[in-house]
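Q: Could you walk me through this one? I'd like to take the sheet, a helix and a single side chain in turn.

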Amino acid sequence: MAESGARKILFVCLGNICRSPSAEAILRSLVQKRDDRSEWEIDSAGILDLHEGLRSDSRGLEVLRGHGISNHHRARQVREDDFRNFDVILAFDDSNVADLNKFFRPADGSGRAKVKLFGTYDPKGKRIIEDPYYGDISDFEDMFDHIYRCCEEFLRQSN
């Protein structure tokens, strides 16, 4: 568990086997390189529970390995408590944002997490990070590049 006062970030996509676990692994790698990993708590989850307990998509793992990044995440579904425990929830498309706010945000108002579209951090202005699940390895490479840019900008703005 991260130290008290750590910045707590949760990435959320549809199934938690492509985009969000890749973003989790990339951000972890970047903060490790900066040697400030104790300042961060980073996790990922999915809107759906279809892949609960499974490893990430093998194509995404292959792309991460090719860039020297490991990922040991097991898929999980987002929970209402995530809104209480995280500072920011970064979603990958407008549908994710809508689902988070409609189905998972605590009705009693106890959730402190801000839900944001992760692509708003893209310096190239591409706001939606496309789901590569039905594509091929090149789609996973494109996803990696897009997420990497967003992670770098997110960290730059978080200083």
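A: Before we start, contact here means heavy atoms within 4.5 Å. Please also keep in mind that this is a predicted model.

Q: Fine. With that in hand, what is E153 in contact with, leaving aside its neighbours within four places in sequence?

A: Once those neighbours are set aside, E153 is in contact with Y121 and P123. E153 itself is found in helix α5.

Q: And is E153 buried or exposed?

A: E153 is buried, because its relative accessible area is 14%, and the cut-off for buried is under 20%.

Q: Which side chain does the side chain of E153 make a polar contact with?

A: The partner is the side chain of R156, at 2.6 Å.

Q: Switching to the sheet: what is the strand order?

A: The sheet is open and has four strands in the order β2-β1-β3-β4, with parallel pairing.

Q: Which strands stand at the edges?

A: Those are β2 (40–46) and β4 (114–117), and each has a single partner strand, so one side of each is left without a neighbour in the sheet. Neighbouring strands of this sheet are turned against each other by 25 degrees on average, with direction ignored.

Q: How many bridges are there between β1 and β2?

A: Strand β1, residues 7–13, pairs with β2 in the parallel sense over seven bridges. As for individual residues, C13 has G46 in β2 as its bridge partner.

Q: What does helix α1 touch when it packs on the sheet?

A: Helix α1 (residues 19–33) touches β1 and β2, and its direction makes about 170 degrees with that of β2. Another helix, α4 (residues 94–104), lies across β1, β3 (88–91) and β4, and runs at about 165 degrees to β4.

Q: Staying with α1, how many of its residues are buried?

A: Helix α1 is mostly covered, with 12 of its 15 residues buried; among them are A23, I26, L27, L30 and V31, as well as R19 and E24.

Q: What do those buried residues pack against?

A: The buried residues of α1 pack against β1 and β2, and also against the helices α2 (58–66), α4 and α5 (137–158).

Q: How far does α1 reach from its first C-alpha to its last?

A: Its 15 residues reach 21 Å, close to the 21 Å expected at 1.5 Å a residue.

Q: And which residue with a positive phi follows α1?

A: That is D35, whose phi is near 60 degrees.

Conventions: Residues are numbered from 1 along each chain as its sequence is written. This is a predicted model: local features need pLDDT of at least 70, side-chain atom pairs count only at pLDDT 80 or more; totals for chains, interfaces and linings use all residues. Side-chain values use heavy atoms; hydrogens and water are left out. Two strands pair if DSSP finds at least two bridges between them. Helices (H or I, at least four residues) and strands (E, at least two) are DSSP runs, numbered from the N terminus. Axes are lines fitted to C-alpha atoms, for helices over the stretch in contact, and angles run from 0 to 180 degrees between N-to-C directions. The expected span of a helix is 1.5 Å times one less than its number of residues. Buried means under 20% relative accessible area, exposed over 50%, partly exposed in between (1.4 Å probe, protein chains only). A polar contact is a pair of N or O atoms within 3.5 Å; within protein, one must be able to donate a hydrogen and the other to accept it, and residues adjacent in sequence count only if both atoms are side-chain atoms.
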